[in-house]
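Student: Let us go through this model term by term, and please set each value against the definition behind it.

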Amino acid sequence: MPKFELKAIQTELDQGLLRPFYWIWGPELFKGRELLKKIRKVVNSSWGEENLDGSEVDGAAISDAAKSLFLGGGIKLVVVRDAHHIKNPEALSELFGPPVPQSDVSSVCVCLAKDLDARKKFSKLLIEQAAVISCEGVTEDERESWILFLAKRQGVQVAPPLVSRLACLDPWSLDRIAQELEKLALSGSESDAVVKASRAAWDSDEWIENFFSRDRAAALSQVDVLAENVDQALPLLGLLSWNAKQLAGILSDLEYRTHAFKAHPLQVNRLKRWSRQWKLAEVIELQRELFQLDLNFKQTPLLPLGLWTSLVCRFCAG
């Protein structure tokens, strides 16, 4: 599906260019709201904006609202939420147009939608002639970068252990991370959810360091603590799986001489240190084992001490 990259639209806005119509859709609502803020800033209308609900108005009504000018002049901004519910959206095509200087724009319409059904006739027209921006969910590989970006914007210092815990929160979204960092900025303390994840993983960073450094003695010395606290198992498995995926990414780059893996420099340094101890095939096998271990903890009565001990003995050389 052809689409505009979020950065491309942001570049246009930085240059003072506006389009008369934007369709912003996707599951990551945070990205959509941030783009809308940027559009508001460029529109810079002292007359405010008109907000509409896509489930209550049709395409013709939205088009009329956008074309009706303010008495005092200036750019009119029309924001339509739940735009995926708009009936007879074909009338919106009257608003489509290319980017032009701010001074040449009389109105801007921004539609915010959860999805875009490419099979519909209107959707095809929309994709061909309008600015359609997909706000896709953040992949696991991108989480660290986003956490660090949002932390910098909040003026919050986040140590690597906290970054790892935030990256493994479930469910995960930029909204949730922004809320966690805002609480940290305001109170200087982590939220209950992050604290719980931290406690559940106890000294997870030390144990993970020992495990991926393949220090069997050090890792085995702590499995009894894990076995006694079953509620710690699943959060730690999440951290293990996430780090294993990152390690597989950097090992794949090394083996195939590619540059596809991206991570924060602090994480890369640690992964490079671990990569000297592992082969790609071993990490892939570890990922399979962690998946099976997750099933065992959830579905079978096997003793936790035996499961953790077996994992360490199998993958830590000594």
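Tutor: Leaving aside residues up to four places away in sequence, arginine 270 touches Ser164, Asp205, Glu209 and Asn243, where contact means heavy atoms within 4.5 Å. This is a predicted model, in which local features need pLDDT of at least 70 and side-chain atom pairs count only at pLDDT 80 or more, while totals for chains, interfaces and linings use all residues. Residues are numbered from 1 along each chain as its sequence is written, and side-chain values use heavy atoms, with hydrogens and water left out.

Student: Where is the place of arginine 270, and is arginine 270 buried or exposed?

Tutor: Arginine 270 belongs to helix H13 (residues 265-275); helices (H or I, at least four residues) and strands (E, at least two) are DSSP runs, numbered from the N terminus. Its relative accessible area is 15%, and buried means under 20%, exposed over 50% and partly exposed in between, with a 1.4 Å probe and protein chains only. Arginine 270 is therefore buried at 15%.

Student: Why does arginine 214 count as buried?

Tutor: Arginine 214 has a relative accessibility of 11%, so it counts as buried by the cut-off already given. Arginine 214 sits in the loop between helix H9 (204-212) and helix H10 (216-220).

Student: What makes helix H6 mostly covered?

Tutor: Of the 8 residues of helix H6 (residues 160-167), 6 are buried, namely Leu162, Val163, Ser164, Arg165, Leu166 and Ala167. Ser164 in this list is also one of the residues that arginine 270 touches. Over the whole chain of 318 residues, buried residues make up 44%.

Student: What order do the 5 strands of the open sheet take, and what is their pairing?

Tutor: The order is E3-E4-E6-E2-E7 and the pairing is parallel; two strands pair if DSSP finds at least two bridges between them. At the edges are strand E3 (49-53) and strand E7 (131-134), each of which pairs on one side only. Neighbouring strands are turned by 15 degrees against each other on average, direction ignored, the axes being lines fitted to C-alpha atoms, for helices over the stretch in contact, and angles running from 0 to 180 degrees between N-to-C directions. Helix H2 (residues 29-43) packs on this sheet and touches E2, E3, strand E4 (76-81), E6 and E7, with a direction at about 165 degrees to that of E4.

Student: How do you know that E2 and E6 pair?

Tutor: Strand E2 (residues 21-25) and strand E6 (residues 107-113) share 5 bridges in the parallel sense, whereas at least two are required. Phenylalanine 21 has cysteine 109 as its bridge partner in E6, and isoleucine 24 has leucine 112. E4 and E6, which run parallel, are likewise joined by 5 bridges, with leucine 77 opposite valine 108 and valine 78 partnered with cysteine 109. E3 and E4 also pair over 5 bridges, and there glutamate 49 has leucine 77 as its partner.

Student: Why is E6 called largely enclosed by the rest of the structure?

Tutor: E6 is called largely enclosed because 7 of its 7 residues are buried. Ser107, Cys109, Cys111 and Ala113 point one way, Val108, Val110 and Leu112 the other way, and all are buried. In a regular strand the side chains alternate between the two faces of the sheet. E4 is mostly covered, with 5 of its 6 residues buried.

Student: How much space lies in the largest pocket, and which residues are the closest to its centre?

Tutor: About 690 Å³ lies in the largest pocket; a pocket is an open set of points on a 1 Å grid over the protein atoms alone where a 1.4 Å probe fits, with protein on both sides within 12 Å along at least five of seven lines, and lining residues have an atom within 4 Å of a point. Of the 20 lining residues, the closest to the centre are Leu6, Lys7, Gln10, Lys31 and Trp146. Helix H1 (6-14), H2 and helix H5 (140-154) are the elements that give two or more residues to the lining.

Terms used. Grid points are joined across faces, edges and corners, and a volume is the space filled by probe spheres set on the points.
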